[in-house]
Amino acid sequence: MRPITLAKTASAALTTAFVGGLASRPAQSTWYERLRKPSFQPPRQAFPIVWPILYAGIAVVSARTIDRLRADGQADQARAYTAALGANLVVNAAWSWVFFSRRRLGAAALTAAALTASSADLTRRAVQAQGAPGAILTPYPLWCAFATALSTRIWMLNRE
């Protein structure tokens, strides 16, 4: 893996974490505290543990995938993966803004579902490009699927 590619994917993941984190501050608000949440809601402390691990995996696996595709002479596939990664990270950061800043619970559930599909697609592309090492990305779509279920249930519990 080329250090420059890793620097780019790590910067993209860190930017996503920062932008999403700006919107997540209301997680400690009265509005959020008053929301009815399902029994499977993880403790607040889980999120700042899980997300950095996922972002690190995204950065490393994506850098390896892009470099592998380029090394194999598949520049078009490398560009397609890069575009898919960029779109994924935009949706990733957008969820926090939709949920916490806009307080649009239904739209947040749909955004989480789009993120799940996008994350599964990234994982598929990574596995296709590099085999088993690409599967390291698998926890990302799994976590996003869980987030979709959680977001959907919060929306259902709080519909007015």
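Biologist: Let's start with contacts: of those in the protein chain between residues at least 6 apart in sequence, what percentage join residues at least 24 apart?

Modeller: That comes to 76% of them. Please keep in mind that this is a predicted model.

Biologist: Which elements does the protein chain have, and how many?

Modeller: It has six helices and zero strands. Read from the N terminus on, the order is α-α-α-α-α-α.

Biologist: What about burial and surface across the protein chain?

Modeller: Buried residues account for 42% of the 160 residues. The accessible surface is about 8,700 Å², and 63% of that belongs to carbon and sulfur atoms.

Biologist: Now to a helix pair. Why are H1 and H4 called roughly parallel?

Modeller: The axes of H1 (residues 3–24) and H4 (residues 75–101) cross at roughly 10°. Angles under 35 degrees count as roughly parallel, so H1 and H4 are roughly parallel to each other. Their axes come within 7 Å.

Biologist: Which residues make that contact?

Modeller: On the H1 side they include Thr9, Ala12, Ala13, Thr16 and Val19. On the H4 side, Leu85, Leu89, Trp97 and Phe100 are among them. By type, the residues of the contact divide into 10 nonpolar, seven polar and no charged.

Biologist: What makes Ser151 count as buried?

Modeller: Buried means under 20% relative accessible area. Ser151 has 4% relative accessibility, so Ser151 counts as buried. Ser151 sits in helix H6 (residues 139–157). Leaving out residues up to four places away in sequence, Ser151 touches Trp95, Ala108, Ala109 and Ala112.

Biologist: And why is Gln128 called exposed?

Modeller: The cut-off for exposed is over 50%. Gln128 has 63% relative accessibility and therefore counts as exposed. Gln128 belongs to helix H5 (residues 105–130). From Gln128 to Tyr140 there are 12 residues in sequence and 16 Å in space, C-alpha to C-alpha.

Biologist: How do you know that Leu6 is partly exposed?

Modeller: Partly exposed is the range between the buried limit of 20% and the exposed limit of 50%. The relative accessible area of Leu6 is 27%, so Leu6 is partly exposed. Leu6 is in helix H1.

Biologist: Which residues are in contact with Leu6, leaving aside neighbours within four places in sequence?

Modeller: Those are Met1, Ala59, Val60 and Ala63. As for Gly106, this residue is 100 residues from Leu6 along the chain, and their C-alpha atoms are separated by 35 Å.

Biologist: One last residue, then. What is stated about the phi of Arg103?

Modeller: Arg103 has a positive phi of about 60°, although Arg103 is not a glycine. Arg103 lies in the loop between H4 and H5.

Methods. Residues are numbered from 1 along each chain as its sequence is written. This is a predicted model: local features need pLDDT of at least 70, side-chain atom pairs count only at pLDDT 80 or more; totals for chains, interfaces and linings use all residues. Side-chain values use heavy atoms; hydrogens and water are left out. Axes are lines fitted to C-alpha atoms, for helices over the stretch in contact, and angles run from 0 to 180 degrees between N-to-C directions. Helices (H or I, at least four residues) and strands (E, at least two) are DSSP runs, numbered from the N terminus. Angles under 35 degrees count as roughly parallel, over 145 as roughly antiparallel, 65 to 115 as roughly perpendicular and the rest as oblique. Contact means heavy atoms within 4.5 Å. Ala, Val, Leu, Ile, Met, Phe, Trp, Tyr, Cys and Pro count as nonpolar, Asp, Glu, Lys and Arg as charged, and the others, Gly among them, as polar. Buried means under 20% relative accessible area, exposed over 50%, partly exposed in between (1.4 Å probe, protein chains only). Accessible areas come from the Shrake-Rupley method with a 1.4 Å probe; for residues, only the protein chains shown count as cover.
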